[in-house]
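Could you take me on a walk through this structure, one selection at a time? I have it open in a viewer and would like to know what to click next and what is there.

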Amino acid sequence: MRLCCKFLPLLESVFLNEPSPRLNVNHWAVTHRLLPCRGLTTKGPASSHLTRQQESVEVLGKLFPRDDYTNVTPKILSKVGRHLHNRAHHPLWLVKERIKAHFYNSYMGRSGTPLFSVHDNLSPVVSVEQNFDSLLIPADHVSRKKGDNYYLNRGHMLRAHTSAHQRDLVRSGLDAFLVAGDVYRRDEIDSSHYPVFHQMEGVRLFSNHELFVQVEHGEDLRLFESGSCRTPQKQETHTLEAVKLVEFSLKRTLTRLVRHLFGEDLEIRWVECYFPFTHPSYEMEVRFQGDWLEVLGCGVMEQELVHSAGAENKMGWAFGLGLERLAMVLYGIPDIRLFWSEDERFLKQFRVPHIDDTVTYQQLSKYPPLINDISFWLPADGYMENDFYDLVRTIAGDLVEKVSLVDQFTHPKTEKVSHCYRLTYRHMERTLSQEEVRVIHQAIETAAEQELGVQGRF
């Protein structure tokens with residue numbers, strides 16, 4: 001049975017028959033079941049192609065069989081392969097190229113070539129083992145939840161971080177590298193969150209000689225020791241001298257990077273934190289326009305991770321940062337959806353002669369928002385907010401600027417729970433009409449009942 005069939009003619013008239021594709025709504029998504037994790041219907045006539053599509057997920061030309069963990073949506077799959085970070089003069093490309101150029105120019109190998117290699121075209125499809133186990137993330141860790149990730153099946157997923165490639169690159173023999181790419185996480189809907197964003201990370205490993213060569217009597221110092229205990233300052237296998245030098249190298253490297261991006265007078269502070277794959281771990285915050293802003297996470301790599309990659313005689317550091325976060329701050333971009341815009345008025349602002357040229361985003365006309373609420377009773381179990389956010393994104397695409405939970409109510413007798421969400425619709429290129437929004441909103445209401453098992457209070 002097809003979903004939203006009563007709204008299909010209206011949706012087609014709004015989205016499919018315009019002379020230019022102003023609104024992007026996935027026709028397949030609004031006429032078929034939206035969340036594969038809840039199963040795809042096979043009733044009624046269907047082509048063999050559609051049957052194969054229902055039984056598997058195709059990503060970058062490869063088929064992955066569906067199972068009870070499959071939760072990736074057509075909307076998300078449409079983003080795979082866009083490679084915004086590799087599009088010349090895209091703002092994400094500018095930030096990536098500025099970071100790459102800084103490392104190329106600042107750190108040279110003994111042969112006179114750049115010390116750090118760059119890998120920015122690795123497939124976003126990884127195994128669950130690569131994404132979690134290779135980074136020592138426990139089996140019961142909250143970051144593995146279906147509600148937070150896009151799974152193709154129990155064995156494969158769209159990477160949640162570029163660190164999923166860390167072990168494989170170290171295993172290939174690399175000691176210093178940068179990785180950039182698109183990553184996927186189920187998240188809330190607002191101006192700073194999007195289910196697809198871009199990360200860049202770096203890794204640097206040191207041998208005993210490389211770390212201590214410039215230290216007086218360095219030949220007497222060692223990376224590792226036995227019989228020690230883990231403390232807040234170090235891991236059990238590392239010597240304190242080695243950790244302090246690795247930490248110094250890490251903080252000096254990253255301080256130079258952010259001052260290259262933001263200016264030499266930038267105020268920086270380090271905040272201790274926790275990551276499963278580094279210890280000790282830190283977040284860097286910078287003073288920007290009067291506020292402290294977190295820009296990256298980093299730390300001394302867990303030795304078990306380094307050992308599992310075949311580099312047991314080395315230790316090192318790793319860092320990771322978000323390209324969108326940096327671009328929004330550096331260029332004054334107010335809404336994360338703009339990175340996916342094909343509007344020439346947006347893109348042409350970043351066609352600068354040199355990657356280090358100053359760019360200040362000139363805002364396009366701010367079209368008025370339209371606000372609609374949706375209320376429903378939650379099912380007894382199995383409801384996850386991220387399922388609702390995915391459903392909204394699948395039907396409305398980037399027309400929804402923000403979704404806010406504005407009210408919760410528990411019935412005093414039945415103990416049923418009701419949620420009320422406020423959806424803010426705003427097109428970035430033209431004014432929306434309430435009639436257009438009403439069609440989309442009603443499709444969301446119908447799909448929420450059919451897909452999520454909620455009971456509407458419409």
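**The largest cavity.** Start inside: the largest cavity has a volume of about 150 Å³, where a volume is the space filled by probe spheres set on grid points that are joined across faces, edges and corners. On a 1 Å grid over the protein atoms alone, a cavity is a set of points where a 1.4 Å probe fits but cannot get out; a pocket is an open set with protein on both sides within 12 Å along at least five of seven lines, and lining residues have an atom within 4 Å of a point. Select Leu-338, Gln-363, Ser-365, Lys-366 and Met-428, which lie nearest the centre of this cavity among its 14 lining residues. Over the whole structure, the search finds four cavities of 30 Å³ or more.

A word on what is on your screen: this is a predicted model, in which local features need pLDDT of at least 70 and side-chain atom pairs count only at pLDDT 80 or more, while totals for chains, interfaces and linings use all residues. Residues are numbered from 1 along each chain as its sequence is written, and side-chain values use heavy atoms, with hydrogens and water left out.

**The largest pocket.** Next, select Ala-160, Arg-185, Phe-197, Gln-199 and Glu-294. These lie nearest the centre of the largest pocket, which is lined by 45 residues and has a volume of about 1300 Å³. Which elements each supply at least two residues of its lining? They are E7, E8, E9, E10, E11 and helix H11 (323-331). E10 gives the most, with seven residues. The labels come from DSSP runs, numbered from the N terminus: helices are H or I runs of at least four residues, and strands are E runs of at least two.

**The sheet.** Now switch to a cartoon view and look for seven strands that form an open, mixed sheet in the order E3-E6-E7-E11-E10-E9-E8. Strands E3 (117-119) and E8 (268-275) stand at the edges with a single partner strand each, so one side of each has no neighbour in the sheet. On average, neighbouring strands here are turned by 25° against each other, direction ignored. Two strands pair if DSSP finds at least two bridges between them.

Trp-270 stands opposite Met-284 in E9.

**Strand E7.** Move on to residues 196-206, strand E7. Is this strand buried or exposed? Eleven of its eleven residues are buried, so E7 is largely enclosed by the rest of the structure. Here, buried means under 20% relative accessible area, exposed over 50%, and partly exposed in between (1.4 Å probe, protein chains only). Show the side chains: Val-196, His-198, Met-200, Gly-202, Arg-204 and Phe-206 point one way, and Phe-197, Gln-199, Glu-201, Val-203 and Leu-205 the other way.

E7 pairs antiparallel with strand E6 (residues 176-184) over nine bridges, and Val-179 has Glu-201 in E7 as its bridge partner. E7 also pairs antiparallel with E11, over eight bridges; there, Gly-202 has Phe-319 in E11 as its bridge partner.

**Two stops on E11.** Click Ala-318 in strand E11. At 9% relative accessibility, Ala-318 counts as buried. Leaving out residues up to four places away in sequence, Ala-318 touches several others, including Gln-166, Val-203, Leu-250 and Met-301; contact means heavy atoms within 4.5 Å.

Then click Gly-320, also placed in strand E11. Gly-320 is partly exposed, with a relative accessible area of 28%. Beyond its neighbours within four places in sequence, Gly-320 is in contact with Met-200, Glu-201, Leu-296 and Gly-297.

**Helix H9.** Finally, select residues 240-262, helix H9, which lies across E7, E8, E9, E10 and E11 and runs at about 30° to E11. Axes are lines fitted to C-alpha atoms, for helices over the stretch in contact, and angles run from 0 to 180 degrees between N-to-C directions. At 1.5 Å a residue, the 23 residues of H9 should span 33 Å, which agrees with the 32 Å between its end C-alpha atoms; the expected span is 1.5 Å times one less than the number of residues. Gly-263 follows H9, with a positive phi near 120°.
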